[in-house]
Amino acid sequence: MKSYWLLLMTILSGLLPWQQAQALPVTSVQVEVVDSNGGTSRVLLDKMGASLEVVAQQLFLDREVAMLQQEDRAYVDLLTEVGDRVLTGYYVQTADIDFGEQTRVRFQVRPWDGVVGAPEIDMQFSGIEGHLAQVLEERLPGLRNNIAAIIQGASLEAVDWADGVLRRVVREAVAKELPEFKVAVDLCREQERVLVQVIIYPVGEIVRNVDYELSSQAVPNILLLDLKYKYQEECNRLRGLPLDYIRHHKQELVQQLQEKLLAEPVVRRYHLQPQINLVPQGDLQVDINLTSEEYRIWLEGYADVGREEYNLSGKAHVGRYIEPGAEVFCEAELLLNPTDWNYYLGYTQQYRKSQISYLYGMPHNNNVYRVQYLPNEAWSCRLEYHSRDKRNEYGLRYRIHEFLSAETVYADHELYLRLIGNL
């Protein structure tokens, strides 16, 4: 008798864990949707699964596994009916449920009739010109392919709700790669033709005007006129960009301009080096200065207002750098009213923003000592001493633009205004 009860207790104790397992509640529900045709993208299938998962969680969470297993067939039929109603454009072929603490539901679906072929994708950048729009699109590598992959193979009847999935994917891609822009996405269907229109537009303060200047102190600016007009158009293409984009990609934009300039024939011919400064504040300011480490050539014409003699003149300067900051040069000066010629051989040493020069003038054996201070590109001041007539000359000069400057000059007890044409 004791052995009988011992055997019974052993059997019951073995069944107890199984009974406890059957009484455990469902703690999680996972839903997977599979297209039997194999054409629908995983992104859309996951969206379907997420919609059905909400229903399945309401049905199964916190309910006992054993009780659910007893109604297995009824729940399969119920979920099949729900799937047919929720998944517009698809039939539910089968629904399988694996009940447990972690319950898994698997739907196999099929498109109603036709499916999306290769969609047409129209991507535009609002207010941005062609070449720059292409550069911006290159910052979204694979976006066109991703859009096509999401839509292609889906049921034609599912286009309406697939629109929301597509918007989310495209907005996330634009927010990551082009945070200075927003995007509008529209999905249209005409029978079997599907068009995806993507319009990317700037937000915040944008570039409306470009304050542009190209100049050189290495060669006469008249040689750079064609280049100046060409890059005026190039810089104007930056209009429409957000100022934040300019700030974030400043070095890259400078590098692109620099590479284009270095490929220009006139820049290669004179061995010029572009120095580019972008200032994205209010209107965009673009300053391009073409420098040389080899030589310095310039032509200037002078008209002195308020001076009696020599009130018209011109000067040509040809210099060669023998080391950084050290230049040897020759100058030819033509004076009118009355007419006279002067020729100079000279040497200039630069110390930061200051220049000290010595010039020997012919044919009058004139020694000229000059000190100049250039605090910035617009302003300069100079002091000259001429040994021939023991004359001091003082000048304060302002550069209006690359072809015109004005200087206030005091010499020989005269104060006059000098207008300078910078060729």
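Asn366 is found in strand β15, which covers residues 366-373. The structure described here is a predicted model. With a relative accessibility of 9%, Asn366 counts as buried, because the cut-off for a buried residue is under 20%. Along the chain, Asn366 and Asn342 are 24 residues apart, and their C-alpha atoms are separated by 9.5 Å.

Gly346 lies in strand β13, made up of residues 340-351. Its relative accessibility is 11%, so Gly346 also counts as buried. Tyr358 is 12 residues away from Gly346 in sequence, while the C-alpha atoms of the two are 5.4 Å apart in space.

Attention can now turn to a helix. Helix α4 spans residues 72-86 and holds 15 residues. Which residues of α4 are buried? They are Tyr75, Val76, Leu79, Thr80, Val82 and Gly83. Viewed down the axis of α4, these buried residues fall within an arc of 165 degrees and therefore line one face of the helix.

Strands β7 and β9 run parallel and are joined by 7 bridges. Within this pairing, Leu214 has Ile288 in β9 as its bridge partner. Strands β8 and β9 run antiparallel, with 8 bridges between them. Here Pro274 stands opposite Leu290 in β9. The strands β8 and β9 form a hairpin, with 3 residues between them. In the turn of this hairpin, Gly282 has a positive phi of about 65 degrees.

At least two residues of the lining come from each of β7 (210-216), β8 (273-280), β9 (284-291) and β17 (391-401). Sorted by class, the lining of the second largest pocket has 6 nonpolar, 5 polar and 5 charged residues.

Rolling a probe the size of a water molecule over the atoms shows where empty space is left. How many cavities of 30 Å³ or more does the count give? The count comes to 1 cavity. About 150 Å³ of space lies in the largest cavity. Its lining consists of His131, Leu132, Val135, Glu234, Cys235, Arg237, Leu238, Leu253, Gln256, Leu257, Lys260 and Leu278. Helices α5 (130-137), α8 (225-236) and α10 (250-262) are the elements that give two or more residues to this lining. Of these, α10 provides the largest share, with 4 residues. By class, the lining of the largest cavity divides into 7 nonpolar, 2 polar and 3 charged residues.

Conventions:
Residues numbered from 1 in each chain as written. Predicted model: local features only at pLDDT ≥ 70, side-chain atom pairs only at ≥ 80, totals over all residues. Heavy atoms only, no water. Nonpolar A, V, L, I, M, F, W, Y, C, P; charged D, E, K, R; others polar. Pairing = 2+ DSSP bridges. Expected span 1.5 Å × (residues − 1). Buried < 20%, exposed > 50% of the residue type's maximum accessible area, 1.4 Å probe, protein only. Arc of directions from axis to C-beta. 1 Å grid on protein atoms, 1.4 Å probe; cavity = no way out; pocket = protein on both sides within 12 Å on 5 of 7 lines; lining within 4 Å. Points joined across faces, edges and corners; volume = space filled by probe spheres on them.
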